[in-house]
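Please open the structure in your viewer and keep the selection tool at hand. We will go from one stop to the next, with a short note on what to select and what is there.

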Amino acid sequence: MATPTSAPQPPPPIDETPTWAALTAHRDGLAGTSLRHLFAADPDRAGSLTLEAAGLRVDLSKNWVTAETISLLSELARAAGLEERRDQMFAGTPVNESEGRAALHTALRLPAGERLEVDGADVGADVHIELSRMAAFADAVRSGRWTGATGEPIRAVVNIGIGGSDLGPAMAYHALRPWSDRRLTFRYVSNIDPSALHEALVDLDPETTLFIVVSKTFGTIETLTNAGSARRWLVDDLGEDAVPRHFVAVSTNADRVEAFGIDPTNMFGFWDWVGGRYSVGSAVGLSLMVAIGPDGFDEFLAGMREVDEHFRSAPLEANLPVLLGLLGIWYTNFLGAETVAVLPYADHLARFPAYLQQLDMESNGKGVDRWGRRVGYATGPIVWGEPGTNGQHAFYQLIHQGTRLIPCDMIGFAQATDPIGDHHDRLMANLLAQTEALAFGQDSDDPNRFFTGNRPTTTILAEQLDPATLGRLIALYEHKVFTMGTVWGINSFDQFGVELGKVLASAIEGELPTDTPLAHDASTNAAIAWYRAHRHPVS
């Protein structure tokens, strides 16, 4: 009789490994060492800790690390199986274990003709079929061949989605507005607050407005509520027959799309292996493709692909997204940082920190590892930020002289997108000065004017904010998040934490217009009772 085989044993938690202990001892040995000391001790520090790859220049030298720190952190990544899990992700292995799915957002930027077979399907071919359909549609809208129900060309595009179906395309459109067709107006609606839809439509003409409704299941409450109201706005003016000329869908649910009144031939699809927060390179980015054109979208995907190839091939010690992720581990788990600030010195990247909030906090905001164990260490830092120089007059005081450790990513560009006089030189002078001031501080006999320095920054520079560079930045942070999740042993690709509030909201919504007895906690019951007494009836 055969001896039954037991299930493979999970690895020990990462904080119980020898490398974790070595990093703890290393941290203790660095106590009291300042960035001033580290630069003085190593004249080549700036050069050895600055890397260039895939069109990005990343200076790590103003971080509280040494070559030994980088070496130990790289050992930690190897102990966590980063290289193996990275290769599994690119190959289409179901690295989203809790949902039994691959996480193949990298396949969205495969070059034409490159084959990637997953479950018997050529994923690369499927991607390029959909990209070709998107390109034909985008060209039709941009050229005026796609007209509304009255024969007028489209002059405004309204993207309706939420989460990754909004944050990605909205951020990317705002980042790339200089590359967009300025004859077209683009609006993005996600919030279920009626003011969001009202403000998006208040000055638009139904005859020349196109709606792109983005929902994988075509059942997302916020998205369908906004889409339904947008539909009524259109129909009240143009009638039911106008809907197919003014609505297209990005979804996988043809039946619901058709029931809404959208011609299924105008439905653009994506796949279960594309998570929402990783989906801007898919049909979810259709509004972006209409804005910047198919060629611009190709450049956007090509920039992502450059970083993908670097992430796959560069050794860990010289791998940009890996090093950013390992710095995140260092500050979060060994130095007690709770947040990271992303500070783009580019007004067009104003929405980039919000985009990264979802990418990072929804991916790694987990307290259970892939083997179902509660973790005993911090995960998922709080991500926040604003463009420079605005932030300098708002919250930099706390970063410079406050009591909290706040690592910062500073992002800047050599060339202005919209040059005016010496504006860009002044902008970049501020970026460079802030990293110097944060690192080295200022001595003063006046305690109010004393700056300790030793505040870490990573400086990320590129030639220009164009479609390819935006793609590179997105992929850089995607793989940073993956690196951190892998070291922590968590699944970065599920998001069950968003569900409980939705379930409770659905129950409460049905109670608001009634006087039925309430069975919530006392605080919630009292708030519902107050709202019932003051609410504006649905018209």
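The tour below begins with a sheet and ends at a pocket.

This is a predicted model, in which local features need pLDDT of at least 70 and side-chain atom pairs count only at pLDDT 80 or more, while totals for chains, interfaces and linings use all residues. Residues are numbered from 1 along each chain as its sequence is written, and side-chain values use heavy atoms, leaving out hydrogens and water.

Start with the open sheet of five strands, whose order is β6-β5-β7-β8-β9 and whose pairing is parallel; strands (E, at least two residues) and helices (H or I, at least four) are DSSP runs numbered from the N terminus, and two strands pair if DSSP finds at least two bridges between them. Because β6 and β9 (267–268) stand at the edges with a single partner strand each, one side of each has no neighbour in the sheet.

Next, select residues 156–160 and 185–189, the strands β5 and β6, which are joined by five bridges, and look for Val158, whose bridge partner in β6 is Arg187. Then select residues 209–214 and 247–250, where β7 and β8 pair over four bridges, with Phe211 opposite Phe247 in β8.

Finally, select Ala346, Asp347, Asp418, His424 and Leu427, which are the closest to the centre of the second largest pocket among its 19 lining residues. A pocket is an open set of points on a 1 Å grid over the protein atoms alone, where a 1.4 Å probe fits, with protein on both sides within 12 Å along at least five of seven lines, and lining residues have an atom within 4 Å of a point. Helix α16 (residues 423–440) gives the most to this lining, with three residues.
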